[in-house]
Amino acid sequence: MADTTETTPGWLAPEELETTRARIPILYVEAVPVRVDEAGEVTQVGLLLRIGPDGTVSRTLVSGRVLHHERIRDALLRHLEKDLGPVALPRIPASLQPFTVAEYFPTLGITEFHDPRQHAVSLAYVIPVAGDCRPRQDALDLVWFSPEEAASPLVQQEMPGGQGALLKRALAHVGCLS
C-alpha cells in the first residue's frame with residue numbers, strides 16, 4: 001500500500017507525469033489576461049513574472065495542464081485563479097473557441113513554440129479580467145502593459161518558448177496589431 005493516498009482525480013505523480021510526457025502530447029490551456037474598456041477594446045495586457053527552473057526570470061502567460069476528466073472551462077478558471085488570485089473575476093467566453101492552437105515540441109525548430117520537457121498542445125484564449133489580480137503560486141508579479149508595450153521587442157525577448165509569438169497572435173486577434 002502506498003504511503004499517501006491520492007485524493008484528487010486527474011493528478012499524476014511526478015514519475016508518472018515524466019513517463020507520460022515522454023510518450024504522448026499533453027493538453028494545456030493558455031490565457032492572455034486583459035483589461036477592456038466599456039466598448040470592449042483591450043487597454044492592458046497582464047504578464048506574469050516568473051523564475052524558471054534554470055533560475056532565469058521571464059514573462060509568461062497564464063498556462064497549465066488540463067486534467068483527466070476536467071472540462072476546458074474548469075481548467076481555464078483553475079489556472080486563472082491559481083496565477084491571478086481568487087478575485088481576478090475572469091470572464092470566460094460563452095463559446096470556448098480558442099483564438100489559436102499552439103503546438104509545443106521538445107525539439108527546436110519544428111514550430112515557433114518550444115517546451116524542452118514535452119510535446120504539448122495548447123488551446124489559447126484572451127480572457128478579460130475585471131477584479132483585483134494578485135499573483136500567486138510560483139508567479140513573482142503581474143505587470144500590466146499597454147498592447148503596444150506588450151508587443152515591443154523588449155517584452156517579447158523576455159518571453160520564453162514562443163510565448164511572445166503567441167501573445168502577438170492574441171493581440172492581432174483582438175485588433176491591437178495589424
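Ala-139 lies in strand E7. Residues are numbered from 1 along each chain as its sequence is written, and side-chain values use heavy atoms, with hydrogens and water left out. Helices (H or I, at least four residues) and strands (E, at least two) are DSSP runs, numbered from the N terminus.

Ala-139 is buried, with a relative accessible area of 9%. Here buried means under 20% relative accessible area, exposed means over 50%, and partly exposed is in between (1.4 Å probe, protein chains only). Beyond its neighbours within four places in sequence, Ala-139 is in contact with Leu-48, Leu-49 and Arg-50. Contact means heavy atoms within 4.5 Å. The C-alpha atom of Ala-139 is separated by 8.8 Å from that of Leu-84, 55 residues apart along the chain.

Strand E7 (residues 139-145) also holds Leu-142. Leu-142 counts as buried because its relative accessible area is 10%. Residues up to four places away in sequence aside, Leu-142 touches Gly-46, Leu-47, Leu-48, Leu-84, Cys-133 and Pro-135. Between the C-alpha atoms of Leu-142 and Arg-50 the separation is 9.2 Å. These two residues are 92 residues apart along the chain.

Confidence was examined next. The pLDDT is the predictor's confidence in each residue, from 0 to 100. Its mean over the protein is 91, and 94% of the residues reach 70 or more. Over residues 1-7 the pLDDT is below 50. Beyond near neighbours in sequence, that stretch has one contact in the model. Where pLDDT is low, the predicted coordinates should not be read in detail. Among the elements, helix H1 (residues 14-23) has the lowest confidence, at a mean of 80. Strand E6 (residues 120-128) has the highest, at 98.

Ile-24 sits in the loop between H1 and E1. Ile-24 is partly exposed, with a relative accessible area of 47%. Its C-alpha atom is separated by 27 Å from that of Ala-170, 146 residues apart along the chain.

The structure holds one aromatic pair. Tyr-104 and Phe-113 form this pair, which is tilted, at 5.2 Å centre to centre and 50 degrees between the planes. Rings of Phe, Tyr and Trp (its six-membered ring) pair if their centres lie within 6.5 Å; planes under 30 degrees apart count as stacked, over 60 as edge-to-face and the rest as tilted. Tyr-104 counts as buried, at 8% relative accessibility. Phe-113 counts as buried too, at 3%.

The largest pocket holds about 1,000 Å³ of space. On a 1 Å grid over the protein atoms alone, a pocket is an open set of points with protein on both sides within 12 Å along at least five of seven lines, and lining residues have an atom within 4 Å of a point. Grid points are joined across faces, edges and corners, and the volume is the space filled by probe spheres set on the points. The lining of the largest pocket comprises 31 residues. Arg-50, Thr-60, Ser-63, Asp-115 and Arg-117 lie nearest the pocket centre. Strands E1 (26-36), E2 (42-51), E3 (57-60) and E4 (62-65) and helix H2 (72-84) are the elements that each give two or more residues to this lining. By class, the lining divides into 10 nonpolar, 11 polar and 10 charged residues. Ala, Val, Leu, Ile, Met, Phe, Trp, Tyr, Cys and Pro count as nonpolar, Asp, Glu, Lys and Arg as charged, and the others, Gly among them, as polar.

The loop between E4 and H2 contains His-68. His-68 counts as exposed, at 65% relative accessibility. The C-alpha atoms of His-68 and Leu-27, 41 residues apart along the chain, are separated by 9.7 Å. His-69 is also placed in the loop between E4 and H2. At 80% relative accessibility, His-69 counts as exposed. Phi of His-69 is positive, near 70 degrees. Leu-89 likewise has a positive phi, of about 55 degrees. Leu-89 is found in the loop between H2 and strand E5 (100-104). Most residues other than glycine have a negative phi.

Note on methods: On a 1 Å grid over the protein atoms alone, a cavity is a set of points where a 1.4 Å probe fits but cannot get out, and a pocket is an open set with protein on both sides within 12 Å along at least five of seven lines; lining residues have an atom within 4 Å of a point.
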